[in-house]
Structure formats: C-alpha cells, structure tokens
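This report describes one model from its overall surface down to single residues. Keep the sequence and the coordinates in view while reading.

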Amino acid sequence: MQRYIGGIQSIDRGQWEGAKVLGLSKTYTFARVIFPQALYRVFPSISNEVISLVKDTSLIYILGVTDILKAAKSVSNTMASIMPYLYIGIIYLLIVAILTKILEKIEEKVSI
C-alpha cells in the first residue's frame, strides 16, 4: 500500500496547481490527471508483486481448480515417483511466463 501512496505523492505539486488554474475539480483532477501518472509510475512494482504472488502461493486453488501441489503429492505417494512434481513445476513455470508476458505488454502500452 505504501508504494501506491508514494506513487501519488511523487506527482509534482504543479500538476494540482495547474488543474486548479484550469478550473478542474479535485475529483476530476485526481481521476484524469494525477491517478494516470501515478499508475504509470507504480505499475512495474505492481506487476512484480503479482508475479511474486503467483510464485509464492498456489493461486490455482483460488481459481477453483483443486490444489495442484496436493494432487501431485497424492500421485507421487501412489506411484512412488518424483515425476508429478516435475510436471507441476513446468505448469507453474508456464503460468508465471505467460503472466510475465501479459504484464510486459500492459507495461509497454502504459509507458507510451
């Protein structure tokens, strides 16, 4: 949360003053002038946080699919093999790679 507040505070005070001179309301100034600039500044840290969340937690469970690590453990116990963990590692790698590419594309569009 602190980085988002920092992103808003990093916007030059002159932006607020310029909008006031133009007669824009505070709400409109925030929504159309300040917030887009702050979003541009904090988007890389937001995307890094999302990717870290995916890496650190099993978000597949949230999506309604059974926890794949739990499934891999039960299959591994049944088969006495480590291969299910390898497959799960590949699935997580694909999820993170796809998410990274999507966030990179969004970051490119925001930075233009």
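The protein chain has an accessible surface of about 8500 Å², and carbon and sulfur atoms hold 65% of that area. Accessible areas come from the Shrake-Rupley method with a 1.4 Å probe; for residues, only the protein chains shown count as cover.

The model is predicted: local features need pLDDT of at least 70, side-chain atom pairs count only at pLDDT 80 or more, and totals for chains, interfaces and linings use all residues. Residues are numbered from 1 along each chain as its sequence is written, and side-chain values use heavy atoms, with hydrogens and water left out.

**Confidence**

pLDDT is the predictor's confidence in each residue, from 0 to 100. Its mean over the protein chain is 79, and 82% of the residues reach 70 or more. Helix H2 (residues 13-21) has the highest confidence, at a mean of 91. Helix H4 (residues 68-79) has the lowest, at 71. Where pLDDT is low, the predicted coordinates should not be read in detail.

**Fold**

The protein chain has five helices and zero strands. Its pattern along the sequence is α-α-α-α-α. Helices (H or I, at least four residues) and strands (E, at least two) are DSSP runs, numbered from the N terminus.

Of the 112 residues, 20% count as buried. Buried means under 20% relative accessible area, exposed over 50%, and partly exposed in between (1.4 Å probe, protein chains only). Contact means heavy atoms within 4.5 Å. Among contacts with a separation of 6 or more, 56% join residues 24 or more positions apart.

**Selected residues**

| Residue | Relative accessible area | Class |
|---|---|---|
| Thr29 | 2% | buried |
| Ser76 | 11% | buried |
| Leu39 | 32% | partly exposed |
| Ile106 | 36% | partly exposed |
| Glu104 | 36% | partly exposed |
| Lys101 | 53% | exposed |

Thr29 sits in helix H3. Beyond residues up to four places away in sequence, Thr29 touches Trp16, Ala19, Leu24 and Ile34. Thr29 counts as buried because its relative accessible area is 2%.

Leu39 also belongs to helix H3 (residues 26-56). Leu39 and Val110 are 71 residues apart in sequence, yet their C-alpha atoms are 8.6 Å apart in space.

Ser76 is part of helix H4. With neighbours within four places set aside, Ser76 contacts Ser81, Pro84 and Tyr85.

**Nonpolar patch**

Which residues form the nonpolar patch on the surface? They are Tyr40, Met83, Leu86, Tyr87, Ile90, Leu94, Ile98, Ile102, Ile106 and Val110, with about 910 Å² of accessible area together. Helix H5 (residues 83-111) gives the most, with nine residues. Ile106 is in helix H5. Patches are made of residues with over 30% relative accessible area and no salt bridge: like charges are joined within 9 Å, nonpolar side chains (Val, Leu, Ile, Met, Phe, Trp, Tyr) within 5 Å.

**Salt bridge**

Side chains of opposite charge can pair when their charged atoms come close. A salt bridge is a side-chain nitrogen of Lys or Arg within 4 Å of a carboxyl oxygen of Asp or Glu. The structure holds one salt bridge. Lys101 and Glu104 form it through their side chains, at 3.6 Å from N to O. Both residues lie in helix H5, three residues apart, about one turn of the helix.
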